[in-house]
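Me: I have a structure open and would like to learn how to read it. Please take me through it one feature at a time.

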Amino acid sequence: MLFPAFRASLGFVPALLLATASLGADLPRSTPEKQGVSSAQVLKFVQALDGMDQVHSVMIVRHGHVIAEGWWTPYDAATKHELYSLSKSFTSTAVGFAVAEGKVAVTDEVLKFFPADAPAEPGGLLKAMRVQDLLTMSTGHQDEPPTSPDKISAKSFLAQAVPHKPGTHFKYNTPATFMQSALVQRVTGQTVLDYLQPRLLAPLGIEGATWDSNFEGINLGGYGLRVRTEDIAKFGQLYLQKGRWNGRQLLPAAWIEAASAKQVSNGSNPASDWDQGYGYQFWRCRHGAYRGDGAFGQYCLVLPEQDAVVAITSGLGDMQAVLNHVWDRLLPAFGARKLAANRTAQDQLAAKLRSLTVKLPAGKGSAPGGATALGRTYVFPMNELGWESLNVSALASDGWLLTRTISGTETRLRCGHGRWLNDSGVLGVSPRGPLGPLPAEPMAAAGAWTSDDTLTLKVCARETPYQTTFTLRFAGDEVTVQAQTNVGFGNTRSTPMVGRAQ
């Protein structure tokens, strides 16, 4: 379906003009039963997520009210989370605003906006590529263009071979979303993040959002956005409400309908939520739902038939398993009308939500190996983690101070015993791996002596999906270190490295 260019309509322009002042606030809270939802069934859903051990947050909204919300310590309500490809849905929304303002049409040819970045002799299929094809991941590419921030650009995208007729071949394509970001910046003179500020973020009360950029200063579009869990829920609620927020039409309902509809086919497996069709940077789901999602389990799930939204952040490898829990355990919780209060179930659900925590390393606060290991500085030969030295010392309170020199920079991190200690630093996984060098991040760490000679430290980068477990095995004047990260785009386990005491 080709989507016509929007022109500003009554009710839309005033919303933009008034958006300079925030119209948003936290979503209202309610009990599940007041919104027709069974607390007992929601508890089963939360228990299922808890059993996966890598979910970071969950928020359930029914009839516009938050009925359940929880964060697995050390993650919390105030901390942003990396969205990965859930960023794509925000980028397509920016395109929707640009279309509504008459700055671009989905039928426009892509090359029209990037003449200086085009090949000297663009082929006919590249010339035929339209904005619609960027939105629906049907650009005609067989292979995805470069995606890393140091390589992704309009020039690299347009240089990629286009062997298929645009609009006929679904191929998941993160650079196609970058091109939407570049397009918005080209026609508005603003980054996607800045462009969305008065149109989407301020009206919804989304504050402190950040978005990584490529080497040219263009927001990455397909990934790199960080917002809070409630911000994800608000975004889904805006789509559920067909673009209306606090009585104002922020985004035309026709765009919402087109973005969330099945625009292209992407498979035929009835049991897979990745085979139900694709819209404008939204996936169609089973049970009449649709979603934006991102690597390792970042979800904005919109359920129109239930008038509900589910926001989840996590660090998981099996993303389908989370959706299966939604269908199998949460969907049966929704009723057609208000339910009688169930104080016992509500209290049990509230207690569960308050007690959620990422699993701590199990073990002792001290061990025989610590007598000779703590306080010594160990030096490493060249290794894949970039570690040059390591020192572990005891904190005055129960825990340890981990001091590392990584690629010439000293970083310190406090690790609690039986508790998470919040800090900041670098995760310390491979600086030459597929993720590239990692900057300082909000961190939390905990540890335990898991045997007489082995100290296990678990470190969470709290704005990302990543958790790394460092196993430090001490023997005489040596320490053997191995790192295991919960998820990644490549190898998640490092080669053991041996350091010697100075």
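**Reading the chain**

Reply: Of the contacts in the chain with a separation of 6 or more, 61% are between residues 24 or more positions apart; contact means heavy atoms within 4.5 Å. This is a predicted model: local features need pLDDT of at least 70, side-chain atom pairs count only at pLDDT 80 or more, and totals for chains, interfaces and linings use all residues. Residues are numbered from 1 along each chain as its sequence is written, and side-chain values use heavy atoms, with hydrogens and water left out.

Me: How many helices and strands does the secondary structure of the chain come to?

Reply: Helices (H or I, at least four residues) and strands (E, at least two) are DSSP runs, numbered from the N terminus. Here there are 13 helices and 21 strands. The radius of gyration of the chain is 24 Å, close to the 23 Å of the globule rule for 502 residues, so the chain is as compact as a globular protein of that length. That radius is taken over C-alpha atoms, and the rule is 2.2 Å times the number of residues to the power 0.38.

Me: What share of the residues of the chain counts as buried?

Reply: Buried means under 20% relative accessible area, exposed over 50%, and partly exposed in between (1.4 Å probe, protein chains only). Of the 502 residues, 58% count as buried.

Me: Which residues of H2 are buried?

Reply: They are Ser39, Gln41, Val42, Leu43, Phe45, Val46, Ala48, Leu49 and Met52. Their cover includes strand E1 (55-62), strand E2 (65-71), strand E11 (308-314), helix H11 (319-330) and helix H12 (343-354).

Me: How far apart are the end C-alpha atoms of helix H2?

Reply: The expected span of a helix is 1.5 Å times one less than its number of residues. For the 14 residues of H2 (residues 39-52) that gives 20 Å, and the end C-alpha atoms are 20 Å apart, which agrees.

Me: What should I look for in backbone angles?

Reply: Most residues other than glycine have a negative phi, and most peptide bonds are trans. Asp53 lies in the loop between H2 and E1 and is partly exposed, with a relative accessible area of 22%. Asp307 also has a positive phi, of about 50 degrees, although it is not a glycine. The peptide bond from Thr73 to Pro74 is cis, with omega near 20 degrees.

Me: Is Gly222 buried or exposed?

Reply: Gly222 counts as buried, at 0% relative accessibility. Beyond its neighbours within four places in sequence, its contacts include Tyr84, Lys88 and Phe178.
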